Each structure stands twice: as C-alpha cells, then as structure tokens.
Amino acid sequence: MGKSSKDKRDIYYRLAKEQGWRARSAFKLLQLNEEFSLFDGVSRCVDLCAAPGSWSQVLSRNLKCPSPEERPKIVAVDLQTMAPIEGVIQLQGDITKRSTAEKIISYFDGQLADLVVSDGAPDVTGLHDMDEYIQAQLLLAALNITTHVLRPGGCFVAKIFRGKDISLLYAQLKVFFPVVTCSKPRSSRNSSIEAFIVCQNYQPPTGYVPTMTNPLLDAKYDESENQLAGPNRVIVPYITCGDLSSYDSDRTYPMTSQSLDPVQSPIAPAYKTYIDLKRKHEI
Ligand code: SAM
C-alpha cells in the first residue's frame, strides 16, 4: 500500500494500527478509563454508536466478570453494519428508536447494564450551530436509552460538543446523575470542541418511568433556581485525562517505519454504491 500522509502526522492513528484498534478513538476510551476507572466491576455494557468498533474492542479486551466461568456481556449498536468482534453482540439500529431500546434490553435477560458508553456523532455539516444541536439531540437520545438499560449506581459516558448551550445539557444530565464531569482525553484534539461527559452513580428521580416518547428536554430541572444562567447555573468540573507522558494529538511526530494496512477495512462503505453504479455505467 502507498504511504499515507495521515500515517505521518497522526500518531494516534498510527498507534491504533500498530495495536490492532479499528479506530484512533480507542485511545479516548482508554484514557477516560485511566482517569475514572470506568471498567471496574463492569460485566454488562452497552456501546451506543459503536461502528467501526474500536470502543467495543477496548471493552472486550478489558471487561472482566467476577467468576471466571462467566463472560462479560457487551452489546454494540450502530446505524451502520460492523464487522464482527469476538465477545460482542452487534445490533444494527437507530438509538432514537424505541425498538432499539427494546432489543438492547432483551439481550440482558432481565438484568441491567453497569455501563453505557456513546461515542455518537452525526455527519457534521460545518454549520456549527446545526452540528452542535444535532450532537446534543444524539446525546439526549443516548441518555434516554440509558434510562431504560442502566442499573442504579451505573455510569454513562458520552461524546459532547462544548458549544454555547452546554449548560442545558449539564442541567439535564444532573437530573439523573449526581456526579457529572466533562473530560477531554489527550488523544482528542484541542482544536476540536469534542469532549466526553462522564456521568456517575445513576439515580433517576423518584417515580421516573423511562419512556421513548417524551423528549428528555422536557425533563424537569428546577427553573426557580435558574440552573441555566446566573449564579446557580449548573457548572460541572472539567478535567483533561491521559497521562502527561502520552502523545499530544495536536502535535506532529516524525514516523520512519513503513505504513500499515487498516485493522479492519470498511465492510459497507458509502462509496461502494457509487462504484457499483459507475461500473454498470448507471451514473
Ligand atoms: N466509537 C466508535 C469506534 O470507536 O469505532 C466510533 C463512533 S463514530 C465517531 C460515530 C458513530 O455514530 C457512527 O458510526 C454513526 O453511524 C453513529 N450514529 C450516528 N447517529 C446514530 C444513530 N441515530 N443511531 C445509531 N448510531 C448512530
């Protein structure tokens, strides 16, 4: 294969290939785990928006069950098809749909998950307000599905865009989790507004019944205290994570060795339809 210029400049992209991760995103979850010990005591996990699957790979390599006879249960969901990963149940579906929540629940045999992670991202348009809005809606869809499948005391981790309306999201998350932290792994570029929200100790409000019909934006937060602005605004701690000795994703590093093939080639890329039509002279 020809030498890709991406290989030369992106150290995490290169490391992902060397270590067998399908995407450089694997390092974001690994660094979040270093900071928050997310995987401790976790044997049932849901990976939302999981394709191409590097977070599922991280989970399958790191989750452990208390008894050696049992195997951790990992359910991975995405709109796109994913190549199989050993030990991961895969589900193609839309996380905004009730049917997807029901299918996830059915895989846990009546038990609930210990951890839900979501690296969901819409196709960005470049119109920042629009991208932030759609990302926020995806995060709320992930939170909504989480209220169906997470056990009390469990943890929810999701990608978030730190845009101007982030206080609204923080207020929503605080309704369900007493401990909410915004964290930026070193493998996530500083030039990106991406960060990850780590929500610990799931405690839904008393009497809360999970539903896929009420948008979570309607969930009650205390307006009298004006949690979105002013002195009582919900402020969550912001911490960077990843060891200081780990690579800086905004720097370039010289790389001398040969380029590497992808760990997993795309199995259903969008460009395949185009190539097929072109071959048949239909476009
Ligand atoms: N964590 C993944 C990994 O490590 O390989 C990368 C996830 S990628 C950044 C974002 C994913 O979100 C895409 O695969 C996309 O298909 C998925 N996605 C976006 N909207 C979705 C939706 N409504 N339901 C399910 N998946 C969705």
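This is a predicted model: local features need pLDDT of at least 70, side-chain atom pairs count only at pLDDT 80 or more; totals for chains, interfaces and linings use all residues.
Colleague: Which atom of the ligand is 2.6 Å from an N or O atom in the side chain of D78?

Modeller: That atom is an oxygen. A ligand oxygen also lies 3.4 Å from an N or O atom in the side chain of Q80. The protein covers 86% of the 600 Å² of accessible area that the ligand has on its own.

Colleague: How should I read the backbone angles?

Modeller: Most residues other than glycine have a negative phi, and most peptide bonds are trans. In this structure, the peptide bond from A51 to P52 is cis, with omega near 5°. P52 is placed in the loop between β1 (44-48) and α4 (54-62).

Colleague: What is the phi of C49, and is C49 buried or exposed?

Modeller: C49 is not a glycine, yet its phi is positive, at about 60°. C49 belongs to the loop between β1 and α4. The cut-off for buried is under 20% relative accessible area, so C49, at 17%, counts as buried.

Colleague: Where is S37 found?

Modeller: S37 is in the loop between α3 (26-36) and β1. S37 too has a positive phi, of about 45°. With a relative accessible area of 37%, S37 is partly exposed.

Methods: Residues are numbered from 1 along each chain as its sequence is written. Side-chain values use heavy atoms; hydrogens and water are left out. A polar contact is a pair of N or O atoms within 3.5 Å; within protein, one must be able to donate a hydrogen and the other to accept it, and residues adjacent in sequence count only if both atoms are side-chain atoms. Accessible areas come from the Shrake-Rupley method with a 1.4 Å probe; for residues, only the protein chains shown count as cover. Helices (H or I, at least four residues) and strands (E, at least two) are DSSP runs, numbered from the N terminus. Buried means under 20% relative accessible area, exposed over 50%, partly exposed in between (1.4 Å probe, protein chains only).
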